[in-house]
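Please look at the sequence and the structure first.

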Amino acid sequence: MDSKEQLNLLKRIKAISETGLVYAKDPYDLERYEELKKISLKLMAYMANRPIEVLQDFFMPENDYPTPKVDVRGLVLNEKDEILMAKESIDGKWTIPGGWADIGNTPSETAVKEIEEETGIKTEVVRFLGVYDKQVHAHPPEPYYIYKLFFLCRIVGGELKAGFDMLGADFFPLEKLPELSQERILESQLKHLFQLAKSSESEVYFD
């Protein structure tokens, strides 16, 4: 079993413990679920080589059934079929624009908003391309369990400029991609998304 599989098991244990904390009534059960949660966090901190206090800050207290987080991103192509990308300030690497789903916005509204905020480009959604379960793909391990939603968007206006929390924004051909922020996007995913976008079949990918 590799480290990614181990981390996914720990995420599952943490989710089970949090579900128990939400629904259990017996004080004995609550105590055991709390202990199980603490153990899972300690093991995650050990695997990530980080203090447990740092890791705890990743998680909000669960008051309901724990579910995956949702990352929403937009694939935008210009007239040359170059891909719109933003340079992350966190790691200095590139990704297609997007971020966490916003409460109060639909997924497509989140995609359009994130694209404009990160690159200055105004878009509209053409269609949904797919949903990726992040743990199925070769992203670096991380504490969250994440679903990634991807929309194909077309340019309707705006001016290319990096957002306040981005280091850059530009278009790149698929065959000359910059260094990618692999926590957010993989080259294999970009190639697949490009293929879906150019297909006349309107295929939607899942998992």
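Predicted model: local features only at pLDDT ≥ 70, side-chain atom pairs only at ≥ 80, totals over all residues.

**A walk through the model**

Residues are numbered from 1 along each chain as its sequence is written, and side-chain values use heavy atoms, with hydrogens and water left out.

Tyr205 is found in strand 8, where helices (H or I, at least four residues) and strands (E, at least two) are DSSP runs numbered from the N terminus. Which residues does Tyr205 contact, if we leave aside its neighbours within four places in sequence? They are Leu129, Gly130, Val131, Tyr132, His137, His192 and Leu196, and contact means heavy atoms within 4.5 Å. By way of reference, the C-alpha atoms of Tyr205 and Pro68 are separated by 18 Å, and these two residues are 137 residues apart along the chain.

Now let us step back to the whole protein, which has 5 helices and 8 strands, and which, read along the sequence, follows the pattern α-α-α-β-β-β-β-α-β-β-β-α-β. Its C-alpha atoms fill a box of roughly 65 × 35 × 30 Å, taken along the principal axes. Of the 207 residues in the protein, 41% are buried, and, among contacts with a separation of 6 or more, 69% are between residues 24 or more positions apart.

Next come the helices. Helix 1 has 21 residues and reaches 30 Å from its first C-alpha to its last, close to the 30 Å expected at 1.5 Å a residue, where the expected span is 1.5 Å times one less than the number of residues. Its buried residues include Leu7, Asn8, Leu10 and Lys11, and what covers the buried residues of helix 1 includes helix 2.

Helix 2, residues 27-48, has 22 residues and reaches 32 Å from its first C-alpha to its last, close to the expected 32 Å. Which of its residues are buried? They are Lys37, Ser40, Leu41, Met44 and Ala45, and, seen down the axis of helix 2, these buried residues fall within an arc of 135 degrees, so they line one face of the helix; the arc is that of the directions from the helix axis to the C-beta atoms. On the other side of helix 2, Glu31, Lys42 and Tyr46 are exposed.

Helix 4, residues 107-119, has 13 residues and reaches 18 Å from its first C-alpha to its last, close to the expected 18 Å. Its buried residues are Thr110, Ala111, Glu114, Ile115, Glu118 and Thr119, and, seen down the axis of helix 4, they fall within an arc of 130 degrees, so they line one face of the helix. What covers these buried residues includes strand 1 (69-76), strand 5 (121-133) and strand 6 (146-158). Just after helix 4, Gly120 takes a positive phi of about 80 degrees.

That brings me to backbone angles, and most residues other than glycine have a negative phi. Ser202, in the loop between helix 5 (187-198) and strand 8 (205-206), has a positive phi near 55 degrees although it is a residue other than glycine, and Ser202 is partly exposed at 47% relative accessible area. Asp207, in the segment after strand 8, has a positive phi of about 75 degrees and is not a glycine either; at 45% relative accessibility, Asp207 counts as partly exposed.

On a 1 Å grid over the protein atoms alone, a cavity is a set of points where a 1.4 Å probe fits but cannot get out, and lining residues have an atom within 4 Å of a point. How many cavities of 30 Å³ or more are there? The count comes to 1, and the largest cavity has a volume of about 110 Å³, a volume being the space filled by probe spheres set on the points, which are joined across faces, edges and corners. Of the 15 residues that line the largest cavity, the closest to its centre are Asn8, Lys11, Lys134, Gln135 and Tyr144. Helix 1 (residues 3-23) gives the largest share of this lining, 4 residues.

Key
1 Å grid on protein atoms, 1.4 Å probe; cavity = no way out; pocket = protein on both sides within 12 Å on 5 of 7 lines; lining within 4 Å. Buried < 20%, exposed > 50% of the residue type's maximum accessible area, 1.4 Å probe, protein only.
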